[in-house]
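Trainee: I would like to learn how to read the features of a model such as this one, step by step, with the general idea before each case.

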Amino acid sequence: MLMCLRVLPARVTRNFSRCCSNYVARMRFINKLKEDEGACLTALESGNIFLYHTLAPLLRKTQQGVFQLPLLPFKDLEGILNRLGKDGSMVKDSVLITCTEQNRALFCLDVGELDQQAVEKECGGNFVDLRKAFFTLRGEEAPLVARGQALLRWHQGNGFCSASGKPTTRNQAGSQRVCHSNGLIYYPKMSPVIITLVSDGKRCLLARQASFPRGMFSALAGFCDMGETLEETLRREVAEEVGLEVVSVRYSGSQHWPFPQSSFMVACHATVSPGNTQVDVDHEELEEARWFTLEEIRAALKLRTPPRNPRDQPPTIWVPPSYAIAHKLIREWVDDQELHYDGK
């Protein structure tokens with residue numbers, strides 16, 4: 001069946017010319033740091049670093065009760081490491097993440113070999129599991145710690161060449177690893193995943209896995225098979241998991257997702273024929289999947305935190321939090337429905 005892929009128009013809210021000019025300069029600066037070892041080291045020495053301990057980011061709670069990502073200047077972190085009995089040169093193992101609009105580079109470093117409580121005391125914060133950190137950080141900081149964790153995990157898992165078995169070495173920025181015995185260069189990778197919100201025109205379909213928190217439903221998602229297009233993956237996953245055939249697809253956006261090990265989420269809306277809505281759940285993949293009305297979704301979106309129902313009561317339905325692209329898909333569907341009804 002022929003499918004069309006439509007792209008949602010971008011929403012630009014800032015001055016385009018100024019934003020574009022700053023963006024180009026920053027991207028070229030970051031690229032230079034990846035290619036020039038000396039420039040990267042200089043940027044590190046004048047930049048800021050945020051920390052992890054065994055991949056858990058360090059957060060600091062303000063007097064207002066808000067969690068923030070503390071950024072440590074190079075010299076300050078050197079001093080902390082020295083006080084903890086570690087050679088301050090460990091700071092040079094930091095991985096480049098991005099840079100600010102003022103071209104100050106941001107790096108991250110995992111200090112898992114040090115005593116966790118000692119580091120927390122020195123830095124005035126606590127190392128927090130990344131899933132929990134997502135609920136507590138401000139919007140712009142959540143993707144920052146996700147990117148940092150993904151890069152650090154990739155380096156930890158790619159210390160040896162898959163062809164020669166010899167150790168690989170990283171560049172100063174941490175943007176690649178090289179096997180000097182055969183010249184192979186390894187770059188950080190993400191696994192492509194399609195996530196789709198299926199609608200029959202009046203309802204949307206949400207599902208849950210047994211591993212989900214109680215009462216939480218989300219959009220369907222699945223990894224791309226080798227050689228598949230995104231549209232082919234979407235159609236296959238919907239057919240496999242809920243037994244429905246998709247007739248059209250509309251692209252929404254994308255998001256890096258650090259769980260379980262760095263996925264690239266491509267989000268789409270999909271529609272099925274109103275006469276083909278009988279759900280046939282694959283219980284090897286899903287615990288439950290069903291259609292939800294606009295009213296049910298509105299109620300679920302009003303919940304800011306996961307509900308706590310007694311075990312002897314039916315769970316309250318809720319959806320992924322705002323930082324997840326599944327949440328964006330659901331909100332877009334609600335907006336489309338409300339626009340459709342308002343137009344009648």
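Trainee: Which residue forms a salt bridge with R236, and how far apart are the closest N and O atoms?

Mentor: Side chains of opposite charge can pair when their charged atoms come close. A salt bridge is taken here as a side-chain nitrogen of Lys or Arg within 4 Å of a carboxyl oxygen of Asp or Glu. In this case R236 is bridged to D225, with 3.6 Å between the closest N and O atoms. The pair links distant parts of the chain, eleven residues apart, since R236 belongs to helix 7 (residues 230–242) and D225 to the loop between strand 14 (220–223) and helix 7. Helices (H or I, at least four residues) and strands (E, at least two) are DSSP runs, numbered from the N terminus. Please keep in mind that this is a predicted model, in which local features need pLDDT of at least 70 and side-chain atom pairs count only at pLDDT 80 or more, while totals for chains, interfaces and linings use all residues. Residues are numbered from 1 along each chain as its sequence is written, and side-chain values use heavy atoms, with hydrogens and water left out.

Trainee: What separates R236 and E240 along helix 7?

Mentor: An α-helix has 3.6 residues a turn, so residues three or four places apart point the same way. R236 and E240 are four residues apart in helix 7, which means that about one helical turn separates them. Their side chains meet in a salt bridge at 3.3 Å, N to O, and E240 is partly exposed, with 42% relative accessibility. A network of salt bridges links D225, E228, R236, E237 and E240. Elsewhere, E296 forms a salt bridge with R290, their closest N and O atoms lying 3.8 Å apart; E296 is partly exposed at 33% relative accessibility, as is R290 at 27%. By this rule the count comes to 15 salt bridges.

Trainee: Which residues of helix 3 are buried, and what do they pack against?

Mentor: In helix 3 (residues 74–83), the buried residues are F74, L77, E78, G79, I80 and L81. With contact taken as heavy atoms within 4.5 Å, the buried residues of this helix pack against helix 2 (37–45), strand 2 (48–53), strand 5 (72–73), strand 7 (105–110) and helix 4 (116–123). Helix 3 is followed by G85, which has a positive phi, near 80°.

Trainee: Where is a positive phi found in a residue that is not a glycine?

Mentor: L55 has a positive phi of about 75°; L55 is found in the loop between strand 2 and strand 3 (56–61) and counts as buried at 15% relative accessibility. S262 has a positive phi of about 65°, lies in the loop between strand 15 (246–257) and strand 16 (263–272), and is buried, with a relative accessible area of 8%.

Trainee: How many disulfides does the structure hold?

Mentor: A disulfide is a covalent bond between the sulfur atoms of two cysteines. The criterion is a pair of cysteine sulfur atoms within 2.5 Å, and the structure holds zero disulfides. The sulfur of C40 is 11 Å from the closest cysteine sulfur, in C99, and is therefore too far for a bond; C40 is buried, with a relative accessible area of 0%. C161 is in no disulfide either, the nearest cysteine sulfur, that of C179, being 3.8 Å away, and C161 is buried at 4% relative accessibility.

Trainee: In what order do the three strands of the open sheet lie?

Mentor: Strands of a sheet pair through backbone hydrogen bonds, either parallel or antiparallel. Two strands count as paired if DSSP finds at least two bridges between them. Here three strands form an open sheet in the order 9-10-11, with antiparallel pairing. Strand 9 (169–170) and strand 11 (185–186) stand at the edges, each with a single partner strand, so one side of each is left without a neighbour in the sheet. Strand 10 (residues 177–178) and strand 11 run antiparallel and are joined by two bridges, and V178 has I185 in strand 11 as its bridge partner.

Methods
Buried < 20%, exposed > 50% of the residue type's maximum accessible area, 1.4 Å probe, protein only.
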